[in-house]
Amino acid sequence: MPEHLEVRLPDGVRLHVVVTGPVDAEATAVLLHGWTLDGSSWHRQLEGLRARFGDRVRVVTYDARGHGRSSCMALRTATLAQLGDDLVAVLDQIVPLGKVVLVGHSMGGMTVMEYAHRHPAHFAARTAGLVFVSTTAEGHTHTVYGLSPRIARLIRLAETTGAGVLARCGSWRPPRALLRALRPSIRWLLFGDRCDPADIRLVTSAVAHASLRSIGGFRASIGAQHRLDTLTALGHLPAAALVGDRDRLTPPPCAESIAAALPATELTVCPGAGHMLMMERPDEVNGALAAVLHRALAQPVEPTDPPAPLVANRPVAAGGTAGQGVGTPG
């Protein structure tokens with residue numbers, strides 16, 4: 001059964017963490033979700049990893065600050081840099097020992113890059129493999145939403161303006177009635193040729209649990225990040241990058257530049273798929289993750305001293321919440 005934990009960060013934010021598998025597993029896969037989503041977006045990978053590896057691999061997912069069941073935060077901390085620091089805290093408290101494979105979707109992948117950039121020694125001591133799913137190391141450089149560059153610039157201007165307004169709305173969450181009305185737009189933006197209605201419902205539910213501050217606040221940092229130089233120093237690690245050729249947010253050039261920075265990376269382009277590859281193409285994502293894990297497991301174990309945790313983590317009820325955001329009925 002999954003274990004639900006809470007990690008309290010130095011600024012008082014509480015992260016909701018879900019752990020599956022034994023503490024003495026040979027390796028741990030840490031799955032980081034995308035912007036406005038939560039850990040539930042990896043449900044097909046949780047099933048796949050359990051079926052393939054059993055107790056050999058422990059799996060950790062958590063909701064980023066301001067997302068899902070984690071608590072809201074000060075606006076000044078709605079940055080990728082802060083998410084990179086948060087990942088350090090999660091690793092120190094939840095996975096203090098053993099090999100770690102980091103798996104990031106969209107903003108989650110950018111979080112992994114920020115962790116490597118801001119904490120290179122910590123990253124080198126802990127990380128045994130990388131999987132980048134529908135993400136980028138170049139901010140919004142390649143993001144044109146599948147439209148003409150001129151229209152894309154107008155959309156980005158409107159998006160940036162709207163994000164600034166939302167960022168000041170604090171811990172309030174999107175009205176569910178509005179999200180139901182926006183489902184066709186969410187389907188167009190996030191999915192490719194085919195989409196399971198259950199996946200749309202899951203994504204809409206995740207967005208409904210993201211604070212307006214996180215929806216608006218992270219936009220500037222996501223658009224501005226550039227970490228290709230950071231990736232070039234990680235070429236020794238087993239890695240994979242996956243992208244859908246219908247991805248409107250992080251199109252194939254994003255994954256191609258990651259693969260160019262990491263020459264040993266296995267690049268997979270999924271025809272007809274959009275931004276939500278974990279749901280649209282679970283077999284491809286699970287296969288790439290399994291390949292990286294097998295390579296990581298084959299590496300010799302190097303003894304390390306466990307880092308001192310920042311604060312103790314606490315178990316929470318499986319149906320509980322770590323957040324204090326104000327939900328909007330709908």
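**Largest cavity**

I began with the lining of the largest cavity, which by class holds six nonpolar, three polar and two charged residues. I count Ala, Val, Leu, Ile, Met, Phe, Trp, Tyr, Cys and Pro as nonpolar, Asp, Glu, Lys and Arg as charged, and the others, Gly among them, as polar. The model is predicted: local features need pLDDT of at least 70, side-chain atom pairs count only at pLDDT 80 or more, and totals for chains, interfaces and linings use all residues. Residues are numbered from 1 along each chain as its sequence is written, and side-chain values use heavy atoms, with hydrogens and water left out.

I listed the lining of the largest cavity: Leu15, Leu32, His33, Tyr62, Ala64, Arg65, Leu83, Asp86, Met107, Gly108 and Thr111. The most come from α3, with three residues. The space inside is about 90 Å³.

My rule works on a 1 Å grid over the protein atoms alone: a cavity is a set of points where a 1.4 Å probe fits but cannot get out, a pocket is an open set with protein on both sides within 12 Å along at least five of seven lines, and lining residues have an atom within 4 Å of a point. Grid points are joined across faces, edges and corners, and a volume is the space filled by probe spheres set on the points. Helices (H or I, at least four residues) and strands (E, at least two) are DSSP runs, numbered from the N terminus.

**Second cavity**

By this rule I get three cavities of 30 Å³ or more. I find at least two lining residues each from α1 (43–53) and β4 (57–62). The most come from α1, with four.

**Largest pocket**

Next I looked at the largest pocket, with about 1100 Å³ of space. I see 41 lining residues; Trp35, Thr36, Glu159, Leu189 and Leu249 lie nearest its centre. Elements giving two or more residues include α3 (107–118), α5 (149–167) and α8 (197–208). α5 gives the most, with six residues. By class I get 25 nonpolar, 14 polar and two charged.

I checked α2 itself. Its 15 residues reach 21 Å from first C-alpha to last, close to the 21 Å expected at 1.5 Å a residue; the expected span is 1.5 Å times one less than the number of residues. Buried means under 20% relative accessible area, exposed over 50%, partly exposed in between (1.4 Å probe, protein chains only). In α2, 13 of the 15 residues are buried, so the helix is largely enclosed by the rest of the structure.

**Met279**

Last, I looked up Met279, in helix α13 (residues 277–280). Met279 is buried, with a relative accessible area of 4%. Leaving aside neighbours within four places in sequence, I find Met279 in contact (heavy atoms within 4.5 Å) with Ser41, Arg44, Phe191, Asp199, Leu202 and Val203. Met279 and His43 are 236 residues apart in sequence and 8.5 Å apart in space, C-alpha to C-alpha.
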